[in-house]
Amino acid sequence: MREEAGCKPTIEECRKVLESLVRVDTCQPEGNEGKLADLIRQMLPEGLKCRKLVHSSQRASLVVKVEGEAEEGGLALIGHLDTVACSEQDGWAYPPHQAEVKGDILYGRGAADMKGGDAAMILTLQQIARSGKKPGRPIYFCFTADEESKGMGICSIVEEKCLDQVEEVIICEPSDEKIGICEKGALWLRTAVRGKASHASRPELGVNAVEYGIHFANRLKAAVEGNKSHPILGQDTVSVTRFDGGVMTNIIPASAQMELDIRTVPGTSHDDIIRTADDICKEIMSMHPAVHMEVEVLNNRPALETPQDSPFVRRVMETAKRTGISGEPKGLYFYTDASQMMFGRTVPFVIAGPGDDALAHCVNEHISLSSVARYTELYSRYIMEHYY
């Protein structure tokens with residue numbers, strides 16, 4: 001039974017499932033994950049315990065539970081259903097929701113990030129359900145909404161305590177044929193600056209909000225970057241990603257607003273960065289009383305890491321090697337649903353899914369169907385060898 005349940009699905013089976021997923025438009029900001037959650041339920045064998053968490057008329061998440069002999073413990077596989085929008089429509093070689101297949105490659109929005117992982121989860125569910133036996137501990141397959149924005153799906157799953165007993169987690173995001181053991185954190189800040197307008201020929205009569213905004217960003221960048229280094233993820237970074245200020249070329253701007261994307265490595269305190277940002281604002285305002293600055297936190301997700309010598313990591317990597325996936329540890333520079341699931345918890349996790357993470361959010365996003373097959377084999381073998 002173990003060998004049968006652990007075998008690879010055919011490329012045709014992978015194509016059929018993934019094609020169906022990509023053809024449902026779940027682009028942000030609308031999402032429309034409810035329609036895809038219903039489609040996934042139709043793909044699953046009867047008898048599985050499915051719970052649809054409805055977030056709005058269009059948005060929903062799905063938790064599928066394979067009940068075990070015991071109620072405690074268990075494994076969760078997590079994948080999100082939403083995708084980013086299809087930017088640069090003219091740049092796509094094929095319509096982004098057509099799911100065009102050329103040889104082993106399927107093209108489409110979400111193919112890599114991360115409907116390929118969702119497809120592998122569905123194929124794994126189909127395989128283990130066919131075995132007809134109960135695992136020793138429960139196994140959860142979570143298909144979440146809104147991961148690309150505020151994470152309403154995983155937050156709802158956490159609030160509903162669906163995964164409180166889980167002891168191991170696989171995040172099925174694309175990991176480029178490796179096993180991810182860490183991910184960078186994300187701290188997004190919005191800074192508003194108020195100054196005083198004047199004619200640009202008399203800048204001394206005004207207070208230039210744009211210049212003070214730039215000064216703040218440079219100060220924060222110098223304070224944060226280079227302080228910590230991680231062997232896989234490198235260093236913390238600070239990037240100004242949005243900036244709005246000024247009315248006309250010949251007017252000293254009285255207001256400005258910027259947003260900063262700060263990515264952190266494990267061990268960096270987001271609270272310390274927020275305090276540093278506030279202190280820089282206070283220092284600037286104390287030196288220039290006509291300036292007013294405020295900092296707002298838009299997103300706060302911690303960096304995460306599972307030790308490479310964790311028994312769970314070792315087991316997953318050993319299984320990966322037997323399925324043709326590298327046992328080399330990898331770090332992910334973007335955040336996943338794990339960042340909102342792990343607050344206050346020490347559950348070991350890996351990020352392991354089909355596709356190349358470098359293709360996420362790109363024009364002509366695509367995935368190898370063979371990669372979907374390999375990760376299906378990884379998931380099903382791991383489950384059959386450690387849960388049955």
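How many aromatic pairs does the structure hold?

Reply: The structure holds 5 aromatic pairs (rings of Phe, Tyr and Trp, the last by its six-membered ring, with centres within 6.5 Å). One of them joins Trp188 and Tyr335, with 6.1 Å from centre to centre and 50° between the planes, and is tilted (neither stacked, under 30 degrees, nor edge-to-face, over 60). Trp188 belongs to strand S9 (residues 185-194), whereas Tyr335 sits in the loop between strand S18 (329-332) and helix H9 (338-341), so the pair ties together parts 147 residues apart in sequence. Helices (H or I, at least four residues) and strands (E, at least two) are DSSP runs numbered from the N terminus. The model is predicted, with local features needing pLDDT of at least 70 and side-chain atom pairs 80 or more, while totals for chains, interfaces and linings use all residues. Residues are numbered from 1 along each chain as its sequence is written, and side-chain values use heavy atoms, leaving out hydrogens and water.

Tyr335 counts as buried because its relative accessibility is 7%, whereas Trp188, at 27%, is partly exposed (buried is under 20%, exposed over 50%, partly exposed in between, with a 1.4 Å probe and protein chains only).

Elsewhere, Phe312, Tyr382 and Tyr387 make up one aromatic cluster.

Ile171, in strand S7 (residues 168-171), is buried because its relative accessible area is 1%.
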